[in-house]
Amino acid sequence: MNKIRISAVSYTNTLPFLNGINHSDIKNKIDLRVDHPSACAQRVIDNEVDMGIIPTAALLSLPEYYINTDFCIGTEGAVDSVFIFSQKPADQISSILLDPQSRTSNGLARILLKYHWKRDVEILTEGEADAYVLIGDRTFGKKGTVPYVYDMGLEWKNFTGLPFAFALWVSNKKLPESFVEEFNEALKYGVEHAEDVIAGLPVYEGMDYRQYLTQNLDFHLTDAKREAVDRYLELYRSL
């Protein structure tokens with residue numbers, strides 16, 4: 001069988017998955033590469049890979065897709081790595097700078113501003129703005145550097161009452177069930193041993209990796225997170 005081409009995200013939040021893969025024979029059946037989230041999605045869209053851990057918003061760019069595995073990059077509340085950093089309170093923001101590495105979080109920021117905080121804001125991809133979106137490891141240690149910090153996982157929960165799934169294991173074609181089952185078991189091992197990846201990670205002020213990987217992040221793709229995906233896509237289409 002040809003190796004399954006897979007793209008994963010190069011952030012700390014994906015390290016448990018990568019650790020699980022490395023502890024499984026599945027690593028010999030895949031061709032794995034790591035990218036930032038928007039590039040990971042584009043590789044699945046362009047059929048450069050067969051499956052990736054892709055941002056939820058990218059589902060709208062796929063004519064055909066299959067959500068594989070029981071796992072995701074998700075949270076039940078504050079995720080502590082997906083933020084709006086702002087010079088003003090949320091109800092005073094008039095412009096926001098998007099993150100070039102993000103799709104889902106950019107969309108989530110716009111949804112929260114429009115529907116949660118009732119703000120009609122200018123959307124920028126370059127230049128200066130009242131607030132900006134920043135995700136992943138680049139947020140570590142930065143919560144104390146700006147006047148206002150909004151955790152988008154928590155704000156989504158406040159807005160909808162739902163958890164959130166930022167990224168899903170998605171293929172652009174149906175994959176063999178035996179492969180998906182084996183891949184799922186590898187991810188399960190990684191999630192159950194999430195703390196194993198902490199040793200050697202960079203030190204950032206105020207960053208507690210154990211809390212981040214075992215409490216802020218929730219890797220299980222539950223029915224509630226699937227509901228959140230549907231709700232998010234509905235709101236995203238309305239922007």
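The structure is a predicted model, in which local features need pLDDT of at least 70, side-chain atom pairs count only at pLDDT 80 or more, and totals for chains, interfaces and linings use all residues. Residues are numbered from 1 along each chain as its sequence is written, and side-chain values use heavy atoms, with hydrogens and water left out.

I begin with the domains. The domain assignment, which comes from an automatic or database source, gives domain 1 (2-75 + 162-236) and domain 2 (80-158). Their centres, taken over C-alpha atoms, are separated by 23 Å. Contact, meaning heavy atoms within 4.5 Å, joins 29 residues of domain 1 to 22 residues of domain 2. Between them the domains bury about 2200 Å², 63% of it on carbon and sulfur atoms; buried area is the accessible area (1.4 Å probe) that two parts lose on being put together, summed over both. On the domain 1 side, Y11, F166 and L235 lose the most area to domain 2, together 25% of what that side buries.

I turn now to the helices, which are DSSP runs (H or I, at least four residues) numbered from the N terminus. Helix α1 (residues 15-22) packs against helix α5 (residues 177-192) at an angle of about 120°, the axes being 7 Å apart. Axes here are lines fitted to C-alpha atoms over the stretch in contact, and angles run from 0 to 180 degrees between N-to-C directions. From α1, the residues P16, F17, N19, G20 and I21 meet F183, A186, L187, Y189, G190 and V191 of α5.

Key
Helix = DSSP H or I, 4+ residues; strand = E, 2+ residues; numbered from the N terminus.
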